[in-house]
Amino acid sequence: MSIGDSASDVGKVLGLGSAREGGGEWLRERLTSVALLLLGIWLLASLLFLPKLDQRTLVEWLRGAWVAIPMALFVIAAFWHSVDGLKQVVTDYVAGDISRWVLNTIILFFAVAGAALCLFSLGRIVFGAAA
Amino acid sequence: MAVVRDRPLSPHLTIWRWGPHMVVSILHRITGAGLSIAGLAVLTWWLLAIAGGGDAYATFVKASTHWFGTIVLVGLTWAFFQHLFSGIRHLLTDTGMGFELGANRASAIATIAGSILATLIVWAYWLGAFA
C-alpha cells in the first residue's frame, strides 16, 4: 500500500478502494485530518492560554520557532484538507465533468492564494523587524 | 408478458425519517465547507492583520467585536468543534467501528452535544465568565 492507493493488496483482491481514481486524495484527506486534529487543538488551546490577544502579544508569540512552525504546518494542512474536502462536495453535487473541473480549479486557485498570503504574513512576522 | 413501466424506486432521501446520524453526516459537510470558505478567510485576514501592524490589527478587532463578527466567530467555533468531533467519528467508522445501530446513533448525538458544550465553554471563557 502506497500513498495514492486507498486499499492494501489484500483489499484490492477483496474489491476495496477506489473504483477509478481518487484513492490518493481519499488517503491524503485523512492524513491531513489527523494533522489538523493535533494542530487545531494546539492552536485553539494556545489562543485560550495567551494572556492577551492584542497585536503585540500575538507577534511575540508567533515569532517563536515552536509556534511559527506548527502555525505554518496548520496553514498548509488546513488549505490542503479544504481543497480535498471541497473537491469531494463538488464531485457529489455538481453534474458534468467540465463544471466540476472548472469549480475544482477555482477552489485550487483560491486555496493556493490563501495559503501563500498566510505563509507570507507569517514570514513577515517571524523575519521582520521586532515590533 | 406485460412490462411493468412504473417500477418501484428505492426510497429517496425525502421520505426517510431524519435521525442523528443523517444530521451529523450533512453537518460534517456543511461545517467543512463553512470552515474552508469563511474559516480560512478569517484565518488569512487574521495573519495578514497581525503582520500588517497595529492599525491593520485594530481593524480586524473592530470587525470581530462587532455583533455580526462575533456571531461569525461563534459560528466558526461551533463548526470547528462539530467538524472535529464528527471527523474523529468519521475516522473511527473508516476502520469499520461503530456501525451498530445503538453505537452509531449514540456517537452521532455525542458529537452534537460535545460541539455545543465545547463552544459554550470556550466563549464563556473568552467573554470573561471564568475571569
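Helices here are DSSP runs of H or I at least four residues long, numbered from the N terminus. Keep both in mind for the first stop. What you have open is a predicted model, where local features need pLDDT of at least 70, side-chain atom pairs count only at pLDDT 80 or more, and totals for chains, interfaces and linings use all residues. Residues are numbered from 1 along each chain as its sequence is written, and chains are lettered from A, with ligands numbered from 1, in the order in which they are written.

**Stop one: α4 of chain A**

Select residues 65–93 of chain A, which form α4(A). Now colour the buried residues (20 or more other C-beta atoms within 10 Å of their own, the C-beta atoms being placed from the backbone). In α4(A), these include A:M71, A:V75, A:F79, A:D84 and A:L86. What do the buried residues of α4(A) pack against? Their partners are α2, α3 and α5 of chain A, together with α1 of chain B.

Zoom in on A:A77, which also sits in α4 of chain A. A:A77 counts as buried because it has 21 C-beta neighbours inside 10 Å. Leaving out residues up to four places away in sequence, A:A77 touches A:T32, A:A35, A:L36 and A:L39; touching, or contact, means C-beta atoms placed from the backbone lie within 7 Å. Draw a distance to A:L122 as well: 45 residues apart in sequence, C-alpha to C-alpha the pair is 15 Å apart in space.

Nonpolar means Ala, Val, Leu, Ile, Met, Phe, Trp, Tyr, Cys and Pro, charged means Asp, Glu, Lys and Arg, and the others, Gly among them, are polar.

While you're on α5 of chain A, click A:W101. Is A:W101 buried or exposed? A:W101 is exposed, with 12 other C-beta atoms within 10 Å, exposed being 12 or fewer. Its C-alpha atom is 9.4 Å from that of A:T91, ten residues away along the chain.

**Stop three: where the chains meet**

Show both chains. The contact takes 22 residues from chain A and 20 residues from chain B. On the chain A side, α5(A) gives the largest share, seven residues. That side divides into 13 nonpolar, seven polar and two charged residues.

**Last stop: inside chain B**

Select residues 54–65 and 67–94 of chain B, helices α2 and α3, whose axes come within 4 Å and cross at roughly 80°. α2(B) and α3(B) are therefore roughly perpendicular, the label for 65 to 115 degrees. B:A63, B:S64 and B:T65 of α2(B) meet B:G69, B:T70 and B:L73 of α3(B).

Definitions and conventions: Contact = placed C-beta atoms within 7 Å. Helix = DSSP H or I, 4+ residues; strand = E, 2+ residues; numbered from the N terminus. Axes fitted to C-alpha atoms, helices over the stretch in contact; angles between N-to-C directions. Parallel < 35°, antiparallel > 145°, perpendicular 65-115°, else oblique.
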